[in-house]
Amino acid sequence: MTHHSDAVAEQALLDGTCAVIVTYGNRLIFLEQVARAAFQSGVGHVVLVDNGTDYVVSEKIKACTVFWGMERATYVRLECNGGSAEGFAVGISVAAQRAQTRHIWTLDDDTVPQTDALTALARTWVLMGEKPSCCLASYRQDKRTYIKLVKSNKPNAIQPNSFFGFSIQDAFQKKSVKIWKEGGLECRSMEMGAYGGLWFHKEWVNRIGLPDSRFFLYFDDYDYTLRITCHGGAVWMCRESVLKDLEQSWTQAASYLHPWLQIEQGVIRPYFSLRNRVYIEKNSIKFQSIYYLNMVLFLCIKVACRTPQSILYHVTHPVKMMLRWKFLIGAIRDGLSGNFENNLLK
């Protein structure tokens with residue numbers, strides 16, 4: 001393929017890419033930056049999903065859509081916040097139904113792509129053979145799992161018998177990371193990945209459907225990408241396609257207590273994070289004894305005894321911590337039993 005035909009193919013990929021951005025609450029200051037950066041990256045269209053924002057905010061989001069023009073942007077509103085799972089399910093569905101859409105690029109409303117982020121994905125896809133089965137993911141430079149993937153080739157995968165990614169068998173696990181390099185580009189294989197920066201052919205919507213809205217929040221993206229890799233697809237993280245997070249994750253809040261134990265975090269985030277990851281991992285349990293050992297060790301070492309101050313806090317606030325642990329154990333039980341009642345939202 002000549003340089004000119006390469007450039008034509010890459011431009012067609014940019015034009016055929018539809019970005020899907022889901023927002024909620026009052027995050028217009030982030031949303032505008034992400035959408036603007038997506039257009040600067042070269043996307044042909046953006047679907048903005050309004051996940052149950054207040055009237056004033058929704059009117060401002062609609063105004064942005066009008067400013068960019070109907071040929072470049074589509075506004076979709078959910079009357080109630082259905083979480084990231086329903087938001088992306090609706091956005092991906094709308095994007096896939098557009099005749100002009102070839103690829104879908106999912107972006108969080110606080111992850112800003114660098115100017116050449118989409119070009120790097122398009123170039124990579126062309127060099128990899130332009131196979132619809134091949135999915136790519138942008139590099140989240142602030143996401144710990146992506147940093148470990150790049151720096152130490154730690155697989156972003158579900159290990160057998162692991163609990164929240166922890167396993168005493170880690171040293172003996174055989175899953176490895178494949179590395180692809182060509183034309184100054186570098187990619188690493190992933191078994192699963194986040195919505196922020198995921199770029200995939202819309203053919204996958206016909207093959208595996210939409211994200212599972214039952215997850216509501218957290219790890220619904222891992223579930224969706226696992227469905228891709230389980231159905232013969234490949235997910236590669238492209239090092240040269242970079243996204244920057246505008247906001248720090250709630251799991252990185254400065255505290256001597258683990259985020260699940262921080263009362264100020266409320267119950268929704270810890271519950272869905274724990275329940276959903278447990279639900280995904282339960283399918284990889286080969287030996288229950290090892291799984292429960294991993295669970296106990298993780299909860300003791302990583303959560304309860306995270307710091308000396310955490311141990312002291314448990315001693316000085318026994319009732320508060322007992323209630324919190326009862327709640328966490330309930331989330332684990334719901335994950336193992338596949339309980340998606342989501343009573344916290346009622």
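This report describes helix packing, aromatic pairs and selected loop residues in one predicted structure.

The model is predicted: local features need pLDDT of at least 70, side-chain atom pairs count only at pLDDT 80 or more, and totals for chains, interfaces and linings use all residues. Residues are numbered from 1 along each chain as its sequence is written, and side-chain values use heavy atoms, with hydrogens and water left out.

## Helix packing

Helices (H or I, at least four residues) and strands (E, at least two) are DSSP runs numbered from the N terminus. Axes are lines fitted to C-alpha atoms, for helices over the stretch in contact, and angles run from 0 to 180 degrees between N-to-C directions.

| Helix pair | Angle between axes | Distance between axes |
|---|---|---|
| α2 (residues 28-41) and α3 (residues 55-68) | about 20° | 11 Å |
| α9 (residues 268-281) and α12 | about 35° | 7 Å |
| α10 (residues 288-304) and α12 (residues 318-337) | roughly 145° | within 14 Å |

Angles under 35 degrees count as roughly parallel, over 145 as roughly antiparallel, 65 to 115 as roughly perpendicular and the rest as oblique. Helices α2 and α3 are therefore roughly parallel to each other. Their crossing is right-handed; a crossing has this hand if the near helix is turned clockwise from the far one by less than a right angle, and is left-handed if anticlockwise. On the α2 side the contact (heavy atoms within 4.5 Å) involves Leu28, Leu31, Glu32, Ala35, Arg36 and Phe39, and on the α3 side Lys60, Ile61, Cys64 and Trp68. Sorted by class, the residues joining α2 and α3 are seven nonpolar, no polar and three charged. In this scheme Ala, Val, Leu, Ile, Met, Phe, Trp, Tyr, Cys and Pro count as nonpolar, Asp, Glu, Lys and Arg as charged, and the others, Gly among them, as polar.

From α9, Pro270, Tyr271, Leu274, Arg275, Val278 and Tyr279 meet Arg324, Phe327, Leu328, Ala331, Ile332, Asp334, Gly335 and Leu336 of α12. That contact of α9 with α12 has 10 nonpolar, one polar and three charged residues.

The crossing of α10 with α12 is also right-handed. Here Tyr291, Tyr292, Met295, Leu299, Val303 and Ala304 of α10 touch Trp325, Ile332 and Leu336 of α12. The contact of α10 with α12 is made up of nine nonpolar residues, with no polar and no charged ones.

Rings of Phe, Tyr and Trp (its six-membered ring) pair if their centres lie within 6.5 Å; planes under 30 degrees apart count as stacked, over 60 as edge-to-face and the rest as tilted. By this rule there are 21 aromatic pairs. One of them joins phenylalanine 200 and tyrosine 224 edge-to-face, at 6.1 Å centre to centre and with 70° between the planes. This pair links distant parts of the chain, since phenylalanine 200 lies in strand β9 (residues 198-201) and tyrosine 224 in helix α8 (residues 220-230), 24 residues apart. Phenylalanine 200 and tyrosine 224 are both buried, that is, under 20% relative accessible area, where exposed is over 50% and partly exposed lies in between (1.4 Å probe, protein chains only).

Tyrosine 271 and phenylalanine 272 also form an edge-to-face pair, with 5.1 Å centre to centre and 85° between the planes. Both tyrosine 271 and phenylalanine 272 are buried.

Helix α8 is mostly covered, with nine of its 11 residues buried. Among these buried residues are Tyr222, Tyr224, Leu226 and Ile228. Glycine 232, whose phi is positive and near 90°, follows α8.

## Loop residues

Most residues other than glycine have a negative phi. Asparagine 161, which is not a glycine, has a positive phi of about 65°. It sits in the loop between α6 (144-152) and β7 (179-182), and asparagine 161 is buried, with a relative accessible area of 2%. Phenylalanine 216, likewise not a glycine, has a positive phi of about 60°. The loop between α7 (203-208) and α8 holds phenylalanine 216, which is buried at a relative accessible area of 10%.

Glycine 69 belongs to the loop between α3 and β3 (73-78). At 10% relative accessibility, glycine 69 counts as buried.
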